[in-house]
Amino acid sequence: MNRRRLGKTGFSITEVSLGTWQVGGKWGSAFDNANAEKIINSAIDGGVNFIDTADVYSDGESEKAVGRVVKSRSERIYVATKCGRQIRPHVAEGYTPEALRSYVEGSLKRTGLDRLDLIQLHCPPGEVYSRPEIFGLFEDLKREGKIAHLGVSVEKIDEALKASEYDNVTTVQIIFNMFRQRPAEDFFPLARQREIGIIVRVPLASGLLSGKFTAETTFGTRDHRSFNRDGSAFDKGETFSGVPFETGLQAVEELKELFSGDTALASIALRWILMFPEVTTVIPGASRPEQVVSNVGSADLPPLTQEQMDKVRKIYDTHIKPLVHTNW
């Protein structure tokens with residue numbers, strides 16, 4: 001698989017990597033360690049060398065699984081995790097250097113790693129970006145050898161822009177997909193200028209862009225695609241990229257007509273993201289090993305044509321842009 005430079009970190013990482021939000025099974029299900037390890041090993045077997053996790057994923061079980069597998073392999077695997085979402089309630093006042101330090105040390109303990117390649121603030125409230133002491137903490141942790149680099153996972157473009165003002169922010173993790181196109185206009189040029197590595201999350205709009213859902217599709221009660229469509233649990237943009245389910249289905253049907261060959265729409269949606277050179281890597285999740293194989297294979301697809309790119313944009317402009325473009 002091709003590799004791209006992760007901004008100022010200098011890491012050379014695979015274009016398609018692995019996100020581990022639901023690595024232990026489907027959203028809302030009990031964590032399955034055996035399944036998690038199969039998925040992570042399948043990713044590494046497929047050439048993936050970058051794995052993204054977080055301390056709150058399955059209450060730390062995701063970090064533990066990542067650590068176990070990475071330590072069992074001989075390949076150089078870059079591990080990124082996140083901190084901050086353990087704060088309850090999740091408000092700016094809860095962000096203190098002492099609390100964040102404890103979270104980083106907890107991640108080190110759970111993964112069993114001597115150093116974290118990348119620690120990311122996990123979608124902090126907007127006020128946190130105006131507090132230099134928070135970002136300064138990670139310089140201390142870097143000097144102590146506990147982390148190599150700092151990044152930020154964001155909800156909104158404005159947060160990505162604010163985070164990029166700090167010299168020690170090396171990466172931004174952001175939602176970008178066929179249904180969330182604004183980052184390419186309003187953030188990617190700055191990221192290129194400041195050598196910020198871009199990690200793309202929610203690349204399939206919570207599965208909408210897999211093309212496998214219908215109006216009759218249902219989700220488990222503990223699945224965020226059931227309980228968070230209105231943003232009652234966390235940011236609405238995390239679920240279906242903020243697109244109303246029925247509207248998304250209509251747009252997907254047009255995408256299916258545009259890409260009517262044998263290649264799965266999910267693979268094409270991932271390849272679409274890789275058409276943007278500012279993107280370093282995309283981190284689709286997987287609830288079973290076969291999905292990993294399919295995701296990794298998308299990097300080998302031929303580039304989309306300009307005509308195809310233009311038609312994807314037209315579908316976005318018609319159905320999606322009026323609903324989401326200015327919100328995130």
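**Cavity and helix packing in a predicted model**

Biologist: How much space lies in the largest cavity?
Modeller: About 30 Å³. The model is predicted.

Biologist: What makes this space a cavity rather than a pocket?
Modeller: A cavity is a set of points where a 1.4 Å probe fits but cannot get out, whereas a pocket is open. The search of the whole structure finds one cavity of 30 Å³ or more.

Biologist: Which residues line the largest cavity?
Modeller: Glu-155, Lys-156, Ile-157, Ile-174, Ile-175, Arg-180, Pro-183 and Trp-328. By class, the lining has five nonpolar, no polar and three charged residues.

Biologist: Why are α1 and α2 called oblique to each other?
Modeller: Helix α1 (residues 33–45) and helix α2 (residues 61–72) pack at an angle of about 50°. Angles under 35 degrees count as roughly parallel, and 65 to 115 as roughly perpendicular. The α1 and α2 pair is therefore oblique. Their axes are 9 Å apart, and the crossing is right-handed.

Biologist: What makes the contact of α1 with α2, by class?
Modeller: Six nonpolar, two polar and three charged residues. Among them are Ile-40 and Ile-44 of α1 and Val-66 and Val-69 of α2.

Biologist: Why are α2 and α3 called oblique?
Modeller: The angle between α2 and helix α3 (residues 97–111) is about 50°, with axes 7 Å apart. Roughly parallel needs under 35 degrees, and roughly perpendicular 65 to 115. So α2 and α3 are oblique to each other.

Biologist: Which residues make that contact?
Modeller: Glu-63, Lys-64, Gly-67 and Lys-71 of α2 meet Ser-107, Arg-110 and Thr-111 of α3. The contact has no nonpolar, three polar and four charged residues. Gly-67 is in the contact, and Gly counts as polar.

Conventions. Residues are numbered from 1 along each chain as its sequence is written. This is a predicted model: local features need pLDDT of at least 70, side-chain atom pairs count only at pLDDT 80 or more; totals for chains, interfaces and linings use all residues. Side-chain values use heavy atoms; hydrogens and water are left out. On a 1 Å grid over the protein atoms alone, a cavity is a set of points where a 1.4 Å probe fits but cannot get out, and a pocket is an open set with protein on both sides within 12 Å along at least five of seven lines; lining residues have an atom within 4 Å of a point. Grid points are joined across faces, edges and corners, and a volume is the space filled by probe spheres set on the points. Axes are lines fitted to C-alpha atoms, for helices over the stretch in contact, and angles run from 0 to 180 degrees between N-to-C directions. Helices (H or I, at least four residues) and strands (E, at least two) are DSSP runs, numbered from the N terminus. Angles under 35 degrees count as roughly parallel, over 145 as roughly antiparallel, 65 to 115 as roughly perpendicular and the rest as oblique. A crossing is left-handed if the near helix is turned anticlockwise from the far one by less than a right angle, and right-handed if clockwise. Contact means heavy atoms within 4.5 Å.
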